[in-house]
Amino acid sequence: IDNHLTLGEQAFSRGDLAGALTHWGEALMQARSDGDAASELEALLRLASAHRELGRLQTAEDSLTAAAALAAGLGDDSATARVQTAEGLLALHAGDPRRAEKRLLKAFRAAQQASAPTTAANAAVNLGLARAALGRTDDAAKAYGAAETLFESLGDRDGLADVAVNRAVLA
């Protein structure tokens, strides 16, 4: 399972969405066959991101619905926050920044409660995008500030670069 998840991530990073879908689909089938709910959740989240990028929003939403049920069944608040972050991104992609803001704020708070700083940082930076799309630049800047603080604490240079790019767009 891990090999397929890794190969899918590598393909996704190269822009090979078909390859990513193939590997993540294999990981999903293997996880289901093995009864590995955590790996199934991971595969569903990744499949949702690829489908979102391909514009297959309903398929992405279906994957996230299944992932949300798994996260709830696992009782994993961090996983629930990751699903909510993905739901927020999907709403942004679908052109619904209000819905995105609600999901991402919920994800940010859930990630903080679950002591999941990476998830909280990702939710915060995307919350900034949603608020910027709503024309609320001051609120977007605050979300980017929260993301920056978290990415700094994690030593995440890519996350910090993402915040810097998004802040520059606000200016």
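Buried here means under 20% relative accessible area, exposed over 50%, and partly exposed in between, with a 1.4 Å probe and protein chains only. This is a predicted model: local features need pLDDT of at least 70, side-chain atom pairs count only at pLDDT 80 or more, and totals for chains, interfaces and linings use all residues. Residues are numbered from 1 along each chain as its sequence is written, and side-chain values use heavy atoms, with hydrogens and water left out.

On its buried list are Pro 97, Ala 100, Glu 101, Leu 104, Ala 107, Phe 108 and Ala 111. Looking down the axis of H6, these buried residues stay within an arc of 135 degrees (taken from the directions from the axis to the C-beta atoms), so they line one face of the helix. Arg 98, Lys 102, Arg 109 and Gln 113 sit on the other side and are exposed.

Beyond its neighbours within four places in sequence, Gln 84 is in contact (heavy atoms within 4.5 Å) with Arg 103, Lys 106, Ala 107 and Ala 110.

After H6 comes Ser 115, with a positive phi near 55 degrees.

Note on methods: Helices (H or I, at least four residues) and strands (E, at least two) are DSSP runs, numbered from the N terminus.
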